[in-house]
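Biologist: I am new to this structure and would like to go through parts of it with you. Could you put it on the screen?

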Amino acid sequence: MRQPENTITQATALTNHDRKPIHIPGSIQPHGVLLALSTQLEIVQVSNNTQVYLGKEPEDLLGQPLSHLLESQQMEAVKQCLAKKIGIANAFKVSINTLHQERYFDGIVHRTEEAVILELEPTDSKSEMSFLDFHALAGEAIAKMQRTSNLIEFLHIVAEEVQKIIGFDRVMVYKFDQSGAGSVISEVKREDLSPYLGLHYPATDIPAQARELYTRCFLRFLPDLIAEPIKLVPPENPTIHQPLDLSYSLLRSFDSCCAEYHQNMGVKALLVISLIQEQKLWGLISCHHLTPKYISYEVLKMCEFLGQIVSSELAHKISYSEWNYKVKLKSLQADFLESISQADNFIDALIKPEIRLLDLVSASGAAVCLDNEINFVGATPNIHEVRALIEWADIQVNDNLFFTNSLPKLYPEALIFKDTASGLLLLRISKVRRYYILWFRPEVIQTVNWAGNPNESIQAQMDGSLILCPRKSFEQWQETVRLTSLPWETCELESAIALSNAIVGIVLSKADELAKINLELERSNRELASFAYAASHDLKEPLRGIYNFSTVLLEDYAQVLDDEGIECLQTVVSLSIRMETLINALLRLSQLGQAQLREQATDLNELLNQVIDVFRASRQDSALVDIRIPRPLPTVQCDRVLVNEVFSNLLGNAFKYNDKPEQWVEIGYLSQEEEQGAGSREQGAGSRGQGAGGAGGAGEAGEDELLIIDQSPIPNSQFPIFNSQFPIFYIRDNGIGIPQHHLETIFRLFKRLHSQEKYGGGAGAGLAIVKKIVELHNGQIWVESTVGVSSIFYFTLE
């Protein structure tokens, strides 16, 4: 649960409070005696109450060996502690003869980095509790706790059994959240007390330093919160010349702020048992009593033992409550990853069916971003908002996994789409490319019941500084929490990370497969090109023989053949010519497959002028040829010879497939700015002085040539939006057009849409050769056409 709105103010005061050295208070609680020993077991520090319990003044004990006070058997128990880890206690019964009587104590010994600490607490019993007595008290409680698998029911049993053992007025189970705040999730109390169940407490109530001590020391007992602490003599440990570390001491005195806080609640005695989950402080069993109350050491140890049992069982109960959800996520994850690994289309595999991607982390919406392409699933912000969010994440988020259940507080622009994305889980798949998956959760408005106004714990001083003070009111205080979603669970985050790892593995696997396929394709293409060249070259010789012999028969033996025989020989000659045309086309394609580009800066105006000159020379009706060039073409890097072939083929086809009385072709280009503007362009850039309808400076036009500059722009809808830094060239005609269903097939080798008798025949290889040349230049070629109206061929040279 989040903190109140002035979290920063609280954090400042809390940080100041956390600096208080509560583990070295220099004093103990008055219900026992503390002796600090050197490693040679010499008494170097004592609490200033030894006269009350031991009948000896501190000065009579300091500098004395511990054997001056304890018997040899008891000394052995102390010595055993020297071999144990820091903080591990060893307990034993101690009897000491004072001036008036023999007194009995519970001895608890542990060691620190610098000293051995022996604590003596008075007891009426000189014998230790037997295992059977211990089992009778604890066994039934443990059995009850193990019978249920429901977490809340389990914690309620815990509170009940602890109250039976210690007899306190109120026993609560308190759970921490990620911010250090917490809430009461189980409570057993005296009937006349106000309930605390369901109330929330800010992190300032149990500061970080106290939480850290609870993590190390599983038990904290304060039997009388009004009692005055007892100072240590001397104040500093003479071995290290610093205050004694009492982190693991049961008698360690309490902070005045802690005492005042609980007294404001009406509490006079306090017992706290730590609940540890995965080596972290999960929560506390907090026990309150309205009057001072002393508990024997045996009962305290039983409570500590129960706390350890509860911590152990807690892992099972939490695991069981989350188990079904985790199993569901794991099953979904396995199916999901399998479908992705087998899919041909990565995006489709991620978002279809869309529910899988959302269920993977229990989100209501998602966006899959692969560079500039974004696909959406479920309820999401719009594309402009998501692009802006990704820009922010590029700068602000360094980790591959980022999550928050309150995005508007980190990214204020998210306020406008809080209804769909108050919660964000962002997965970065690649650091090189902008590959993200973003999951969204909507705002969930919540009412939080605090135990008193948490802001009251912060008070301003005269100098403007802030301090943390005990709150005086614990009446229910409500706060409405907005701009937050349901929190992301750990298993959901693990599911997202697993998806990322799997995607990376799949991509690497696919890349490896693709590399192998590419190598094989390159090898096959080389072999195929070599075969095509050799085959077509070798086929020419027998074909030439067929043609020559057929021609000889027609010329020398026509008189001995009838009309049908002559017609057959003429067909053989025609077919051999057709065959040679096809072989030449195949040869040309195979040569292109093995060709190395000889790129150079090429003035396309000069090149196009040469193409037009050759074209006019090959046509008898060249005087009527209408070639329109609205403006000069640019200079580009290309293979001059091959690009000449592109223009020659496209220009030839434009007039070849034209049945209009007045035929024309327009050759031009679309610049990058015009691509973005979808079709605006200069007009009327040509003139009669441009030579044969060509570009400026290409040569003088003959006086018998007709040049018409088209004043009508290409319709905007016909210009494709094409993100390229290179110009898009086009050749437009007013010919017969191409049916829509043939637009994708016309670039295939030997593909003809008409019979040999129509439109001058041909091998059907011209456009295949053009496409090959364009692709050699890393360009693209495509066509738009309307039957009976016109065709426009577009291509790029990169």
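What follows is a short exchange about a predicted model.

Biologist: Which strands stand at the edges of the seven-stranded open sheet?

Modeller: The sheet has the order 1-11-3-2-6-5-4, and its pairing is antiparallel.

Biologist: What angle does the direction of helix 4 make with that of strand 4?

Modeller: Helix 4 (residues 72-81) packs on the sheet. Its contacts are with strand 2, strand 4, strand 5 (102-111) and strand 6 (116-122). With the direction of strand 4, the direction of helix 4 makes about 145°.

Biologist: Is Cys81 buried or exposed?

Modeller: Buried means under 20% relative accessible area. Cys81 has a value of 0%, so Cys81 is buried.

Biologist: How many residues in the contact of helix 18 with helix 20 are nonpolar?

Modeller: Helix 18 (residues 640-656) and helix 20 (residues 766-776) have axes 9 Å apart, and their crossing is left-handed. Among the residues that meet are Leu642, Val643 and Leu650 in helix 18, and Leu767, Ile769 and Ile773 in helix 20. Of the residues in this contact, three are polar and one is charged, while the nonpolar ones number 10.

Terms used. Residues numbered from 1 in each chain as written. Predicted model: local features only at pLDDT ≥ 70, side-chain atom pairs only at ≥ 80, totals over all residues. Heavy atoms only, no water. Axes fitted to C-alpha atoms, helices over the stretch in contact; angles between N-to-C directions. Helix = DSSP H or I, 4+ residues; strand = E, 2+ residues; numbered from the N terminus. Left-handed = near helix turned anticlockwise from the far one by under 90°. Contact = heavy atoms within 4.5 Å. Nonpolar A, V, L, I, M, F, W, Y, C, P; charged D, E, K, R; others polar. Buried < 20%, exposed > 50% of the residue type's maximum accessible area, 1.4 Å probe, protein only. Pairing = 2+ DSSP bridges.
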